[in-house]
Amino acid sequence: MAIFAGKLNLFQAMRKITADWIFPVAAAPVQAGVLIVDDAGKILAIESRTQHEAGDLEVFHGAIVPGFVNTHCHLELSHMLGKVDTGTGLIPFITGVVTKRNVAQELITEAINNANQEMLDGGIVALGDISNAPDTFAVKALGKMRYYTFIELFDFLQDAGAEKAFADWSAVYDQLALAPGSAKSMVPHAPYTVSKTLFEKINAFNAASGITVSIHNQETPPENTLFLDKTGDFIEFYGRFGVSLEQFEATGQPSIYYALRNMNPQNRTLFVHNTLSTREDIQAAHAWSDQVYWATCPNANLYIENRLPNYQAFLDTQARVTVGTDSLTSNWQLSILEELKTIARYQSYVPFETMLRWATLNGAEALGFQDTLGSFAPGKTPGVLLLEHLSATGGIQAQTSVRRLV
Ligand SMILES: [Zn+2]
């Protein structure tokens, strides 16, 4: 009988995976549940162990969760691992990136391929990735995960430079051939680098529905002071690169309000970092659009600025938080689990299931990939991960590890 059942399973090419807990994310967790998956990784059902013969099951200890979605990375900067100092603040960091970015193409390509594999091995099934150049387009064409490529534009707040910036990056955008399931858009870099004219061009380009637009937001104190009263380190930064801010006028409000006034609330908007965002800032964005997502990259925030967002403000405002790794220029690895460990270490009041939703379904929705990813719902192919060595209360701790099962 057991042999026959085994043959039947082989014919049907099903896997029956069970562990202490299964977290479907969009539904309540199931203790000792059985996740039934076909040979293409499609979720068929979640059932109870009592419905199955023990010999048919793959049994694990730990928690079974959907694949992770990494909503913020710059895969093309992977070759800069360890090149820029930690803890110096955003402006010295950007200066380091600009001045140390150019190396041999083979090294760039090799680092991109290794970083992409590192993410696949760590359970990442989709990536929101910033591109200024076409260096990552070859690996993205292989389609090993779903990519949302954000071609990133900036003109250093110079309206006169908007047209050239738009033309140059349109050429990069056109070079990206999309693998099935992937997507692309043109996006503004940050409030402190994009003129009103360039915002208008980007908005006009992204007029179709269902587009995600990403923007770096409120990552460092000088970003806010530039907009509040035109003071702070960005003045000197621009001066050093010979860029005049003579025409720039302070708005008297934190930087995010400039973004809200110049972006299109009909797009899905992914604000990235938000290290300094307050409850009021978050609420203002929610009042502006019902399609707002907040990507947090805690390890990059520690790497660059040695500070973290106040997650309580995001919990209090029911903000849809997602998780990103940022790039290897500002991180020690590209692992969503390591990002969750950092949140658990420094702000342990964030519940495990909340963090899990940030790392899976919220990210999938932010990228418009929730049709196949983000939760264990029948018909989806979200990837299947095993989290092992959770704490006694089922939380993430330093020893927690991840294995990709599907
Ligand atoms: Zn970034």
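These legends accompany close-up views of a predicted model.

**View 1. An open sheet of four strands, ordered β5-β4-β1-β6.**
The pairing in this sheet is mixed. Strand β1 covers residues 14-18, and strand β4 covers residues 33-38. The two run antiparallel and are joined by five bridges. Within this pair, Lys16 faces Ile36 of β4. β4 also pairs with β5, again in the antiparallel sense, over five bridges. There, Val34 has Glu47 of β5 as its bridge partner. The parallel element of the sheet is the pairing of β1 with strand β6 (residues 58-59), over two bridges. Thr18 is bridged to Val59 in β6.

Ala32 is not a glycine, yet its phi is positive, about 50°. Its C-beta has 13 others within 10 Å, so Ala32 counts as partly exposed.

**View 2. Asn274, in the loop between β13 (268-273) and α10 (279-288).**
Asn274 is another residue other than glycine with a positive phi, here near 60°. Is Asn274 buried or exposed? Asn274 is buried, because 26 other C-beta atoms lie within 10 Å.

**View 3. Helix α14 (residues 352-359) and its packing partners.**
Five residues of α14 are buried: Met355, Leu356, Arg357, Trp358 and Ala359. The buried residues pack against three strands, β7 (63-66), β8 (68-73) and β15 (321-323). They also pack against two helices, α13 (336-346) and α15 (361-366). Leaving out residues up to four places away in sequence, Ala359 touches Phe68, Val69, Val323, Ile336 and Leu340.

**View 4. The largest nonpolar core, with 107 residues.**
Which residues have the most contacts inside this core? They are Leu35, Ile64, Ala126, Leu153 and Ala359. The core draws at least three residues from each of domain 1 (2-66 + 390-404) and domain 2 (68-373). Ala359 belongs to the buried part of α14, and Leu35 falls within β4 (residues 33-38).

**View 5. The contact between domain 1 and domain 2.**
The domain assignment gives domain 1 as 2-66 + 390-404 and domain 2 as 68-373. Their centres, taken over C-alpha atoms, are 34 Å apart. Each domain contributes to the contact: 13 residues come from domain 1 and 13 residues from domain 2. On the domain 1 side, β7 and β17 (401-404) each supply at least two residues. By class, this side has eight nonpolar, four polar and one charged residues.

**View 6. Gln253, in the loop between α8 (233-240) and α9 (255-262).**
Gln253 has 15 C-beta neighbours inside 10 Å, and therefore counts as partly exposed. Which residues does Gln253 contact, leaving aside neighbours within four places in sequence? The contacts are Phe227 and Leu228. Leu226 is 27 residues away from Gln253 along the chain, and the C-alpha atoms of the two are separated by 9.5 Å.

Methods. Residues numbered from 1 in each chain as written. Predicted model: local features only at pLDDT ≥ 70, side-chain atom pairs only at ≥ 80, totals over all residues. Pairing = 2+ DSSP bridges. Buried ≥ 20, exposed ≤ 12 C-beta atoms within 10 Å, placed from the backbone. Contact = placed C-beta atoms within 7 Å. Domains from an automatic or database assignment. Nonpolar A, V, L, I, M, F, W, Y, C, P; charged D, E, K, R; others polar. Core = buried A, V, L, I, M, F, W, Y, C linked by C-beta atoms within 7 Å.
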